[in-house]
Structures are given as C-alpha cells and as structure tokens.
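Please find my short note on this model below. The points run from the overall fold to a single residue.

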Amino acid sequence: MIGFEDMALYVCQSEDDDYYASHRFDGNEDAAGMIYLDFRCSLWPASDNMVLYGHNMRGGSRFGKLLRYTDLEYLTENSTIHFATLYEIGEYTPISVFYTSVNPEDEDYFDFTQVSFSDQAAFESYIADIREQSLFEIPTVVEYGDSLLTLATCSEEYDGGRIVIVCVRVA
C-alpha cells in the first residue's frame, strides 16, 4: 500500500505491467486500473528502486494527485510518502520531481525505470541524472545503498509524457 497525506492506495503486481493498467485487483476490467509495481521489482529482497505506476485520473483517484508535487509549496508541506509491503513499512521523501517522455526517440526521454544498480558509480550517475531533470533543487541527502521509490503517471507535457517523483527512504 502506498500512502500520502490524504489518501492510501493498494498496490498490485503482475508478470505483465500492462495487466493492472486496465484491471482491478479482483481481475475485473477497469479503465482506471490499479497502482502497480514494475514486474521487474522484488519486494524481498527489495529492489534498489521500487517503481510504481498508476493512471492520472482527473477526479484525483489512482495517481491523479501526483501532479500536486509540481508545486514546491505542496511538495514541501507533503514530503512524506509511506510504502507498506507484507514485510515492512517504509517512509520516503522526494528527491526529484520531473517531466519526461517514455519514447526513446524524443529528446526529452529519460529512462527512470531502472530497478537495480550494478555498482556505486551507476547509482550515483542515476541520482545525478534525476537531480538534473528535477523541477526543483531538493537538498535531501542520498547515498549509495539507499532505497528508492519512484512514482510515475501520465502527463500532457509531451507525447508519451510522464510526471515522475523519485523518493529516498528515510525511515
């Protein structure tokens, strides 16, 4: 379950990332889908970067409220995100908020879906890249070995656009 200040959402996972984009947890079709964990992620042992996807619903359901994090005041006042699994409850805070394209041919493309890092250099390179992409300079300290949580939803800034919030575990 992922929790924000004003909502809590269940998280699903499948061997196919497309499944929960159009189905509820009970298997019934639903255009709103569910919040879902990237199929490549592992809860135990936990992947380096847990990547969650959800639709940007106009009524604010699913990840429809993530766009609020593009407002620095909102981000500052709502900087705690909880991610609860069967194994633990983690507290995360954003380190980067950015728009990107998921089309590799676009100049605004950035692959935010890395779920593991081969070594410290790869991790530090990823952190530098997401900080460069960020709408704001967020001074949270991030070190090699820290757990990341990435939240992604559709945006209209680009064709195939996404708003992405990358968070670091703080507790």
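**Fold and one residue**

1. Along the sequence, the protein chain runs β-β-β-β-β-α-β-β-α-β-β. That gives 2 helices and 9 strands. Keep in mind that this is a predicted model.

2. The radius of gyration is 15 Å, close to the 16 Å of the globule rule for 171 residues, so the protein chain is as compact as a globular protein of that length. The C-alpha trace spans about 40 × 35 × 35 Å along its principal axes.

3. Contacts across the sequence deserve a mention. Among contacts in the protein chain with a separation of 6 or more, 59% join residues 24 or more positions apart. Of the 171 residues, 44% count as buried.

4. Next, the surface. The protein chain exposes about 9,000 Å². Carbon and sulfur atoms supply 46% of that area.

5. On charge, the protein chain carries 31 negative side chains and 9 positive ones. The centres of the two sets lie 9 Å apart.

6. Now a single site. Ser96 sits in strand E7, which covers residues 89-101. Is Ser96 buried or exposed? Its relative accessibility is 0%, so Ser96 counts as buried; the cut-off for buried is under 20%.

How values were computed: Residues numbered from 1 in each chain as written. Predicted model: local features only at pLDDT ≥ 70, side-chain atom pairs only at ≥ 80, totals over all residues. Heavy atoms only, no water. Helix = DSSP H or I, 4+ residues; strand = E, 2+ residues; numbered from the N terminus. Buried < 20%, exposed > 50% of the residue type's maximum accessible area, 1.4 Å probe, protein only. Rg over C-alpha atoms; globule rule 2.2 N^0.38 Å. Contact = heavy atoms within 4.5 Å. Areas by Shrake-Rupley, 256 points an atom, 1.4 Å probe, with all protein chains shown as cover. Lys, Arg positive; Asp, Glu negative; His and termini not counted. Charge placed at Lys NZ, Arg CZ, Asp CG, Glu CD.
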